[in-house]
Amino acid sequence: MRGRSDGGQKKRLIASLCAVALLLCFVYMYYGSSNQGASAEYGRSLRKLGSSYLGGDDDNDNGDNKQDGSVTSEEDSLAVAKSFPVCDDRHSEIIPCLDRNFIYQSRLKLDLSLMEHYERHCPPPERKFNCLIPPPSGYKVPIKWPKSRDEVWQANIPHTHLAKEKSDQNWMVVKGDKINFPGGGTHFHYGADKYIASIANMLNFSNDVLNDEGRLRTVLDVGCGVASFGAYLLSSDIIAMSLAPNDVHQNQIQFALERGIPAYLGVLGTKRLPYPSRSFELAHCSRCRIDWLQRDGILLLELDRVLRPGGYFAYSSPEAYAQDEEDLRIWKEMSALVERMCWRIAAKRNQTVVWQKPLSNDCYLEREPGTQPPLCRSDADPDAVYGVSMEACITPYSKHDHKTKGSGLAPWPARMTSPPPRLADFGYSTHMFEKDTELWKQQVDSYWNLMSSKVKANTVRNIMDMKAHMGSFAAALRDKDVWVMNVVSPDGPNTLKLIYDRGLIGTNHNWCEAFSTYPRTYDLLHAWTVFSDIRSKGCSAEDLLIEMDRILRPTGFVIIRDKESVVESIKKYMKALHWEVVASEKVTTGSELDQESEDGESNVVFIAQKKLWLTSESLRDTE
């Protein structure tokens, strides 16, 4: 009896094991194929929206049933790039080099009191995102400029905490499916326009216009909030670099860029700001909550570095007017510091004080020996900024600026086409500058002709020139209602100071890393030989394409000007990126912009447009 019972138990055990094995095979086949579709075959997890944006073309290859990026043979793999997976929806606002999760997971030892956690910390290659950033649920094509200055779609930046937190200061107001911007700020509740006029009046500028008849053009707004100060400066032909970190007011720079206002994610921490010396006529801080006295005044000295001779610092804060003991102490110490820095009070009224920087080195040379802060070393480069630590010292003027007692710049708008005095720093001649300006004017006209079927007067607003050189691409766009972020590589000639001397703005950046901006913030990216440059550094073109897709708004454009072989390799990624070709044209050789390579290869202008798509999860949420 015992033997027969044991045999029955064995049979039952074997039957149970077989059933479990069959169940596991079924689960693997079902979920394995599902996961493969979600990660490897990107097209299955997307639904393309609004094909009319792109001429009505679909993703099918004229009846070919292959999914985008699928590979059927080794020969096909040479012609068609792999598809890219979609990042998880929680990464819809990821900024790879300013990612708090990465900082936390990496256990970086950062000094929070010095704001190091708001500085750039890029992931290593193995931690880079290799997926496309999805837009949030309900995303819409952004409202066009100039209407966007005052309202944006709430679905595009679904964060309303600032509207509640700053409700008494008129930063922003939620109205239905939009977020409105009344123009208020922490210090100017009743409108930035009135506040700007009051500063101009304090300085006795003509007609209370802050641009001082074109002499004041570039502004640095530190701790800018949603950039309403910069927004209302534009009507006075003043361009502001609105700067703020990705801090507790997380999405302030994202709102600024969605509005079509120049802005950049950055912080006064331990590294120099990514701007050359003598870049701005005015720096502004309206209750920006910065301790200017810390570390021997190092942050104020960084502002001093980027201000031009005779430049202003407008400071609106309780210390300028309050009478309690702590504010009086801060005001006394700050006044003593700026006096040792040779700044003088240009005007003071109510809650605002405006200091002015000296025009020459005379005051610095007349200080008592041992006066703090000291002058910077004579061999220190004041224009070296990429990853360079701040120093608590005063940056003296060059011999030219000291002698001329000023920057020697023409008023705006003549400044944009006048040869900058600092051309000589690079050995560039006036003729080279003028020729470069004319060449890029012709190229921009050609670009717009190629895009004429797609681009109207208000189609693009936020533009980035990924390799700006002297800024002539941006200068050629002067008659269009756009602004340009000019990017200069830290590896080559630091021509960013020429760009600022032309009354334009920009930053230093290495395209082997992610840019400091939110996803979906630029309408057009211009890449002149950028891919050839990163290839020579051993960096990945695929990584750069994914980064460009992250930065680019849906329906936005890329203009790639590079060697024909480079462009042909990029074309293989169009389906994987869900971009559509707009134009491709071989460039006539012979100009300084398009020299033939050693093997006789010519350059190509390639233009593509990013499609508007949502993930299936986002569509379900929207519906």
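## Cys224 and the basis of the model

Cys224 is buried, with a relative accessibility of 9%; buried means under 20% relative accessible area, exposed means over 50%, and partly exposed lies in between (1.4 Å probe, protein chains only). The model is predicted, and local features need pLDDT of at least 70, side-chain atom pairs count only at pLDDT 80 or more, and totals for chains, interfaces and linings use all residues. Residues are numbered from 1 along each chain as its sequence is written, and side-chain values use heavy atoms, with hydrogens and water left out.

## Disulfides

A disulfide is a pair of cysteine sulfur atoms within 2.5 Å. The count by this rule is six disulfides. With the bonded cysteines numbered in sequence order, the pairing reads 1-4, 2-3, 5-6, 7-8, 9-10, 11-12.

In the disulfide of Cys97 and Cys122 the sulfur atoms are 2.1 Å apart. The torsion about its S-S bond is about 110°, so this disulfide is right-handed. It links distant parts of the chain: Cys97 is in the loop between helix H2 (74-79) and helix H3 (100-106), and Cys122 is in the loop between H3 and strand S2 (151-153), 25 residues apart. Helices (H or I, at least four residues) and strands (E, at least two) are DSSP runs, numbered from the N terminus. Cys97 is buried at a relative accessible area of 2%, whereas Cys122 is partly exposed at 28%.

## Two further disulfides

Cys342 and Cys363 form a disulfide with sulfur atoms 2.1 Å apart. The torsion about the S-S bond of Cys342 and Cys363 is about -85°, so this disulfide is left-handed. Cys342 lies in the loop between helix H9 (325-340) and strand S10 (344-349), and Cys363 lies in helix H10 (residues 362-366), so the pair ties together parts that are 21 residues apart in sequence. Cys342 is buried, with a relative accessible area of 10%, while Cys363 is partly exposed at 30%.

The sulfur atoms of Cys376 and Cys393 are 2.0 Å apart in their disulfide. This link is right-handed, with 90° about the S-S bond. Cys376 and Cys393 are each in the loop between H10 and helix H11 (399-404), 17 residues apart. Both of these cysteines are buried.

## Surroundings of Lys140

Lys140 is in the loop between H3 and S2 and is partly exposed, with a relative accessible area of 33%. Leaving aside residues up to four places away in sequence, Lys140 touches Trp153, Asn156 and Asp177; contact means heavy atoms within 4.5 Å. Lys140 and Pro554 are 414 residues apart in sequence, and their C-alpha atoms are 8.7 Å apart in space.

## Aromatic rings

Rings of Phe, Tyr and Trp (its six-membered ring) pair if their centres lie within 6.5 Å; planes under 30 degrees apart count as stacked, over 60 as edge-to-face and the rest as tilted. The whole structure holds 22 aromatic pairs. One of them joins Phe313 and Trp355, which are stacked at 6.1 Å centre to centre with 20° between the planes. Phe313 is in strand S9 (residues 307-316) and Trp355 in strand S11 (residues 352-356), 42 residues apart. Phe313 and Trp355 are buried. One aromatic cluster is formed by Trp292, Phe313, Tyr315, Trp331, Trp343 and Trp355.

## Charges over rings

A charge sits over a ring if NZ of Lys or CZ of Arg is within 6 Å of the ring centre and within 35 degrees of the ring normal. Arg149 lies over the face of Tyr232, 4.1 Å from the ring centre. Lys467 has its charged end over the ring of Trp528, 5.0 Å from the centre.
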